[in-house]
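Here is a short note for a colleague who is new to this entry.

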Amino acid sequence: MIEVSDLSVKLSGKPIINNISLKAYPGRISAIVGPNGSGKTTLMRALTGELTYTGKAQLCGRDIKSLSSGEQSKMRGVLPQIATMAFPFTVSEVVSLGQANLETAQNAEQKNQAISDALLRVGLQGFRRRLYTELSGGEKQRVQLARVLCQVGNATGKNGPKWLFLDEPVSSLDIRHQLQIMNVSREFAKAGGGVIAVLHDLNLTAMFADLVFMMNAGAIGDFGAPGEVFTSNNVTKIFDCSLKVNKIPDDNTPFVLPHSASH
Amino acid sequence: MFLSMLMNKRALIGWNKKPVFEGDRSSLARWVISVLTILLLIAMVASLSIGPAGVTFVDFISYMKAIFTENEVSDRNRLIIETIRMPRLIMGILIGAALAVCGAVMQGLFRNPLADPGIVGVSSGAGLGAVSMIVLGGTLFAPLTDILGVFTLPVAAFLGALIVTLVLYRLSTSNGETSIAMLLLGGIAIAALAAALTGILIYLADDQQLRDLTFWGLGSLAGATWIKSISIGPIIILCLICTPFLAKGLNALALGEAAAHHVGIPIQKFKTMAIVMVAAATGAAVAVSGGIGFVGIIAPHTLRLLMGPDNKYLLPASALLGATFLTICDVICRTIAAPSELPIGIITALIGAPFFLWILMSRRGFVGE
């Protein structure tokens with residue numbers, strides 16, 4: 001479980017996140033949505049040990065501050081928003097970078113198999129020899145996800161569930177691969193792992209997330225199941241844009257079309 | 001042609017029993033490393049048997065035989081091989097390896113193919129440290145000279161290099177992202193400042209110091225002695241021993257600092273170790289050779305093109321290629337205009353630059369983003 005209470009983060013003296021408290025559970029996809037600059041990525045960076053914070057933040061019952069890089073890397077994987085490589089590694093080599101610090105030691109055959117499996121899951125089988133620097137943006141994003149999947153391995157490890165932190169995992173993907181990657185996340189959660197994802201696509205969020213945190217101006221405006229929090233009122237207020245939320249008749253999944261915006 | 005030959009040699013690797021996985025270039029890298037080892041051995045023999053003094057390969061062979069048998073070797077030949085060529089060879093190997101590895105490490109650390117101790121001002125800092133010691137070592141820094149002995153110059157150069165590297169890193173990196181514009185501009189400014197301070201010191205120097213400075217500044221292995229080799233040997237060898245521990249971190253750093261932390265690299269500790277290593281090895285190399293350019297750029301890049309950027313293999317291969325390259329260049333610069341000598345910097349650039357340009361032209365798009 002991820003348990004955060006009274007978490008605040010300042011960047012260059014400027015408060016970005018103010019006294020956030022939240023709980024995220026393994027076995028579910030927790031989505032963070034909100035307008036640009038609302039502090040979503042900063043929250044992720046605090047939870048992945050990149051930024052110093054005040055307040056309390058625990059990952060699987062342990063204070064994130066007290067965990068070393070090595071310990072954290074065995075408990076969770078992180079998909080960054082932008083990932084350029086400085087040098088021309090092959091896809092295979094990039095994915096293998098996720099194996100730098102594995103919880104369970106693997107031999108060369110096992111590592112190789114893990115790379116193949118991860119690339120298959122993100123739909124990039126046959127890309128192993130390709131140079132990362134020559135891939136398209138969406139392909140790069142999926143290679144990075146394969147690297148993260150290689151790092152965490154199974155959804156549960158020696159010390160409980162593993163976590164995936166995904167910062168806009170589908171931002172540069174076509175619709176087929178958006179669904180594919182969201183399904184990878186869903187499978188990971190179903191297998192007992194935890195997923196926290198920053199998402200911009202509200203419809204994809206409504207379709208896949210179990211729990212949604214709506215962030216605004218460094219605080220959590222509302223949270224709950226998508227069906228509860230995605231209301232016309234909430235969406236209009238949080239995004240400062242007059243939108244109308246509708247529901248799919250079959251299962252009451254909310255959806256928002258940009259067409260509904262009134263000016 | 002040579003490149004494609006190397007690429008296809010994968011099939012010929014007999015000693016490499018590890019399975020070859022798709023997209024994994026480590027067997028190719030091991031093959032390159034073994035070829036480089038053989039090349040270095042050939043360069044070593046060449047360096048000991050070629051020179052203006054007329055001691056030839058045959059003389060070198062009889063010298064080698066004499067070590068294992070009762071054969072006699074003329075004192076002259078022994079003297080030339082043991083006190084002139086050998087320290088020069090050892091310094092060439094140490095300095096070539098140090099410069100090439102420092103280039104590779106800095107490129108990895110700054111995540112940029114342009115980083116090199118010579119280009120971003122680290123060598124200038126080391127030079128300022130060394131010049132300060134040559135000029136002020138007898139007066140202002142006399143107590144230091146007494147304590148450090150033969151290590152005075154390398155230590156001073158190390159401190160100069162360390163200060164520059166730390167300033168550069170603080171200047172160019174914020175929130176884990178390195179700005180190459182800041183790195184290059186900062187490097188140029190620091191190099192200019194170091195040059196000005198060095199100028200002041202030269203202005204203050206007396207005649208004997210000026211002579212020392214001139215010889216030092218030529219960028220040459222001509223002044224090689226056993227004392228100098230011993231003064232830089234431990235520092236550079238220690239740095240080279242450290243490099244395997246840097247490989248994993250440098251690979252992860254290619255993803256960016258945040259991602260390196262995510263995969264479990266203690267990034268602050270790692271950066272400190274890499275910076276101190278670069279400063280120490282650059283400092284030691286500059287202290288005795290006066291800064292030989294281009295090795296730190298050409299060796300790592302050539303190897304990345306040949307076998308990929310995996311630092312586990314890139315760092316040892318860079319050391320081997322740098323050592324071989326500098327040894328060969330030194331042989332050329334002392335024979336081509338014998339009995340006088342060309343500064344080695346001319347040869348490294350004359351051979352290195354066209355070769356490097358040719359590689360870049362033939363493999364466009366391979367350099368990185």
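**Notes on chain contact and helix packing**

1. H4(B) passes H14(B) in a right-handed crossing (left-handed if the near helix is turned anticlockwise from the far one by less than a right angle, right-handed if clockwise). Helices (H or I, at least four residues) and strands (E, at least two) are DSSP runs, numbered from the N terminus.

2. This is a predicted model: local features need pLDDT of at least 70, side-chain atom pairs count only at pLDDT 80 or more, and totals for chains, interfaces and linings use all residues. Residues are numbered from 1 along each chain as its sequence is written, while chains are lettered from A and ligands numbered from 1 in the order in which they are written.

3. Back to the pair in point 1. Helix H4 (residues 75–109) of chain B and helix H14 (residues 311–335) of chain B have axes that come within 7 Å and cross at roughly 140 degrees. Axes are lines fitted to C-alpha atoms, for helices over the stretch in contact, and angles run from 0 to 180 degrees between N-to-C directions. That angle makes H4(B) oblique to H14(B) (under 35 degrees is roughly parallel, over 145 roughly antiparallel, 65 to 115 roughly perpendicular, the rest oblique).

4. Which residues meet there? Among them are Gly92(B), Gly96(B) and Ala100(B) in H4(B), and Ser318(B), Gly322(B) and Leu326(B) in H14(B). Contact means C-beta atoms, placed from the backbone, within 7 Å. The residues of this contact divide into 15 nonpolar, 7 polar and 2 charged. Ala, Val, Leu, Ile, Met, Phe, Trp, Tyr, Cys and Pro count as nonpolar, Asp, Glu, Lys and Arg as charged, and the others, Gly among them, as polar.

5. Helix H5 (residues 122–136) of chain B packs with helix H7 (residues 152–172) of chain B at about 140 degrees, axes 7 Å apart. H5(B) is therefore oblique to H7(B). Their crossing is right-handed. Their contact has 12 nonpolar residues, 6 polar and no charged.

6. Helix H3 (residues 57–68) of chain B meets H4(B) at about 90 degrees, with axes 11 Å apart. So H3(B) is roughly perpendicular to H4(B). Asp59(B), Phe60(B) and Tyr63(B) face Asn77(B), Arg78(B) and Ile81(B) in this contact.

7. H10(B) has a kink of about 45 degrees, centred on Phe245(B). The bend at a residue is the angle between axes fitted to the seven residues ending there and the seven starting there.

8. Between the chains, the contact takes 32 residues from chain A and 32 residues from chain B. The chain A side has 12 nonpolar, 15 polar and 5 charged residues.

Methods:
Two residues are in contact if their C-beta atoms, placed from the backbone, lie within 7 Å.
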